[in-house]
Amino acid sequence: MTKLARQLTAETLGTALLVGTVVGSGIMADSLSDDTAVSLLGNTIPTGATLFVLITIFGPVSGAHFNPAVTMVFALRRDITVRVACFYVVAQILGGIVGSLIAHAMFELPVIQFSSTVRTGSAQWLAEIVATFGLIAAILGGLKYRPSAVPALVGFYITAAYWFTASTSFANPAVAIGRGLTDTFSGIRPMDVPAFIAAQLIGALLCFWLANWLFAERTDD
C-alpha cells in the first residue's frame with residue numbers, strides 16, 4: 001500500500017506540475033507578446049523542459065506516465081495491473097485539474113474558469129491521433145533500446161509536436177481535461193475535450209499494436 005501511495009502521489013504531483021507548466025507558461029507568454037508564434041514558442045520550451053525533469057525524477061517512483069493514454073498502453077502490455085491503472089488515471093485527471101487551478105492562482109486570475117477556445121474538426125482530431133501515436137512510439141522505442149534517454153525523447157518529441165501538429169499536440173487526456181478548465185492561451189472548450197480524448201486513445205492503441213510487431217525480439221526471417 002505504501003508503494004501504491006507513493007506512485008499515486010508521484011502521478012498526481014507530476015501531472016499537476018505538467019499542466020501547471022502548460023497553462024502557466026501560456027499565460028506568461030501571452031502576456032509578454034502579441035505575436036502568437038512567439039507566445040507558442042514561450043509555451044513550447046517550458047513544456048518540453050518540464051517533461052524532461054518530471055520524467056527523470058518521478059520515473060523511478062511511478063513510471064512517470066502523467067497521461068491516461070500512456071497508462072492504458074502499459075496496462076495492455078501487462079506492465080501494470082488494471083486496478084493500478086485505474087488509480088493512476090484518477091490521480092492524473094485530478095492532477096491535471098489542480099495544475100490549471102494553481103496556474104490561475106499564481107497569475108491572480110479567477111481560479112475557476114472554462115475555456116472558450118474552439119478546437120474541433122477532423123484536422124484537429126487527426127493531429128491528436130498523430131501526436132499521441134508519436135508520443136507512445138517515443139516511449140516504447142526508448143524503453144526498448146535506450147531507457148535512460150526516455151526523458152529527453154519525450155521532452156524533445158512534445159516540443160517538436162507543438163509545432164508540426166494542427167492541435168499543438170495535447171496527446172494526453174488528463175492535459176486536455178485540465179486545459180478545458182482554463183480560458184487562457186492554452187485552453188480548449190470543454191465540449192471539444194471528449195473528441196480530443198477519443199483521438200488520443202486511438203493514436204495510443206494504433207501505436208501499441210504496431211510497436212508489438214516493430215519492437216519485437218528479432219528472429220530469423
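Which loop holds Ala64? Ala64 sits in the loop between α2 and α3. The legends below cover that site and several others in this predicted model.

**Figure 1. Overall fold of the predicted chain.**
The chain contains 8 helices and 0 strands. Read from the N terminus, its elements run α-α-α-α-α-α-α-α. The radius of gyration is 17 Å, close to the 17 Å that the globule rule gives for 221 residues, so the chain is as compact as a globular protein of that length. Along the principal axes, the C-alpha trace spans about 60 × 40 × 30 Å. Among contacts with a separation of 6 or more, 78% join residues 24 or more positions apart.

**Figure 2. Surface and charge of the chain.**
Of the 221 residues, 50% count as buried. There are 11 positive and 12 negative side chains. The centres of these two sets lie 12 Å apart.

**Figure 3. The largest nonpolar core, with 39 residues.**
The residues with the most contacts inside this core are Leu18, Ile55, Phe66, Leu135, Ile136, Val154 and Ile158. At least two core residues come from each of α1 (2-32), α2 (36-62), α3 (68-76), α4 (82-106), α5 (122-145), α6 (150-164) and α8 (193-214). In soluble globular proteins, nonpolar side chains tend to be buried together.

**Figure 4. Ile158 and Ser169, a pair in contact.**
Neighbours within four places in sequence are left out of both contact lists here. Ile158 is in contact with Thr47, Leu51, Leu135, Ser169 and Ala171. One of these partners, Leu135, is also listed with Ile158 among the residues with the most contacts inside the largest nonpolar core. Ser169 is placed in the loop between α6 and α7 (173-179). Is Ser169 buried or exposed? Its relative accessibility is 3%, so Ser169 counts as buried. The contacts of Ser169 are Glu128, Ala131, Ile158, Ala161 and Tyr162.

**Figure 5. Gln92 in helix α4.**
Gln92 has a relative accessible area of 0% and is therefore buried. Which residues does Gln92 touch, not counting those up to four places away in sequence? They are Glu11, Thr15, His65, Phe66, Asn67, Pro68, Thr71 and Ala174. Phe66 also belongs to the residues with the most contacts inside the largest nonpolar core. The C-alpha atoms of Gln92 and Thr12 are 5.2 Å apart, although 80 residues separate the two along the chain.

Most residues other than glycine have a negative phi. Ala64 belongs to the loop between α2 and α3. Glu108 belongs to the loop between α4 and α5. Ala64 counts as buried because its relative accessibility is 9%, under the 20% cut-off. Glu108 counts as exposed because its relative accessibility is 74%, over the 50% cut-off.

**Figure 6. Pro46 in helix α2.**
Pro46 has 28% relative accessibility, so it counts as partly exposed. Setting aside neighbours within four places in sequence, Pro46 is in contact with Thr21, Ser25 and Leu41. Gly24 is 22 residues from Pro46 in sequence. Their C-alpha atoms are 9.5 Å apart in space.

**Figure 7. Phe156 in helix α6.**
Phe156 shows 64% relative accessibility and so counts as exposed. How many residues lie between Phe156 and Leu51 along the chain, counted as their distance apart? They are 105 residues apart, and their C-alpha atoms are separated by 8.9 Å. Leu51 is also one of the contacts of Ile158.

**Figure 8. Ala105 in helix α4.**
Ala105 counts as partly exposed, with 47% relative accessibility. Ala105 and Gln200 are 95 residues apart in sequence. From C-alpha to C-alpha, they are 29 Å apart in space.

Definitions and conventions. Residues numbered from 1 in each chain as written. Predicted model: local features only at pLDDT ≥ 70, side-chain atom pairs only at ≥ 80, totals over all residues. Heavy atoms only, no water. Core = buried A, V, L, I, M, F, W, Y, C linked by side-chain atoms within 4.5 Å. Buried < 20%, exposed > 50% of the residue type's maximum accessible area, 1.4 Å probe, protein only. Helix = DSSP H or I, 4+ residues; strand = E, 2+ residues; numbered from the N terminus. Contact = heavy atoms within 4.5 Å. Rg over C-alpha atoms; globule rule 2.2 N^0.38 Å. Areas by Shrake-Rupley, 256 points an atom, 1.4 Å probe, with all protein chains shown as cover. Lys, Arg positive; Asp, Glu negative; His and termini not counted. Charge placed at Lys NZ, Arg CZ, Asp CG, Glu CD.
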